[in-house]
Amino acid sequence: MYTAQKFFTTLIRKNVNGFHFALPAAAFTLLFLVSNVSGADDPFGSSTLSPNKNDMLKDMAYDQVNWKRPQGVFTWITMATGYDTPWDSLGRPGWMTTGDAYVEPVNPGISEFPLDTQMFYIVFEAQPLDAPGQFAIAWFHMKDGQVASNTPVGQDVIELEMNQRSGYFQVSKPADGWIPGKYQVKIFYGSPGQALHAVNVIGTMEFTIKG
C-alpha cells in the first residue's frame with residue numbers, strides 16, 4: 001500500500017505543482033476505488049468458505065419440511081425444482097419491482113435430486129427490508145456429516161431493493177458433475193457490495209444427490 005501511494009504521489013507531483021498536501025489523500029482515494037472495482041464481482045471474503053464445525057451450525061439449520069413459515073429474514077424459503085412468476089419481471093427473472101409481485105416455487109419442499117440434475121432452485125420471500133440487501137449462497141459437499149473442503153461446489157449472489165421481497169437462488173450442476181451424497185448450503189446476508197464472511201451466515205440447508 002505504501003509503495004503504491006508513493007508512486008501515485010510522485011507521479012501527480014510531477015504534473016501538478018502546489019497541491020502537495022492533498023496528494024496522499026488523492027492517492028489513497030484512487031487505490032480505494034481500484035480495490036473496490038476489482039472485488040465488486042465476488043463478495044465472498046477470505047474467511048467465508050472456511051467450513052464451520054457442524055455443531056456451530058445446528059441452530060442455524062432451516063426447517064425444510066415445514067417451510068411455509070418465517071425463518072430468519074425470510075417469510076418462507078424452500079428448495080424447488082423450478083419457479084413460476086405471475087407476469088414479466090424486471091432484471092433477473094423473479095426480481096420484480098411491483099409491490100404485490102411474487103415468485104412461486106414448483107415442487108417445493110424437495111431436498112433430494114437425481115444425479116443428472118442440471119439445476120434446481122432455492123425460492124424465497126424475504127421479510128420487508130429497511131435497506132437494499134445482498135443475499136448469497138455457497139454449497140459444499142459433505143462427508144461423514146461434515147463439510148469436506150473449504151472450496152465450495154458453487155455459489156450464487158443476488159440483490160434485493162427495499163421494495164423487492166421475492167426471488168430465488170440457482171444451484172447448478174458443477175462442470176465435472178455431481179458427487180453423490182449430501183451437500184450443505186450456507187446462506188449469507190449483507191449490504192450490497194459488502195464482502196461476505198463466515199459471520200454473515202444467517203442459515204443453512206441441506207440437499208442430497210442420489211447416485
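Predicted model: local features only at pLDDT ≥ 70, side-chain atom pairs only at ≥ 80, totals over all residues.
## Strand 5 and its partners

Strand 5 spans residues 119-126 and is mostly covered, with seven of its eight residues buried. It pairs with strand 1, which comprises residues 74-80, in the antiparallel sense, and six bridges connect the two. In this pairing, Trp76 lies opposite Glu125 of strand 5.

Strand 5 also runs antiparallel to strand 9, formed by residues 166-172, and seven bridges join these two strands. Here Ile122 is placed opposite Phe169 of strand 9.

## The largest nonpolar core

The largest nonpolar core contains 24 residues, and Ile122, Val185 and Phe207 are the members that touch the most others. Two or more residues of this core come from each of strand 1, strand 5, strand 6 (133-143), strand 8 (154-160), strand 9, strand 10 (181-190) and strand 11 (201-210). The greatest contribution is that of strand 5, which supplies four residues.

## Contacts of Phe207

When residues up to four places away in sequence are not counted, Phe207 touches Met79, Ser111, Phe113, Phe120, Trp139, Val171, Trp178, Gly181, Lys182, Tyr183 and Val185.

## A second core

A separate, second core is made up of eight residues, among them Phe140, Val147, Phe188 and Leu196.

Conventions: Residues numbered from 1 in each chain as written. Heavy atoms only, no water. Buried < 20%, exposed > 50% of the residue type's maximum accessible area, 1.4 Å probe, protein only. Pairing = 2+ DSSP bridges. Core = buried A, V, L, I, M, F, W, Y, C linked by side-chain atoms within 4.5 Å. Contact = heavy atoms within 4.5 Å.
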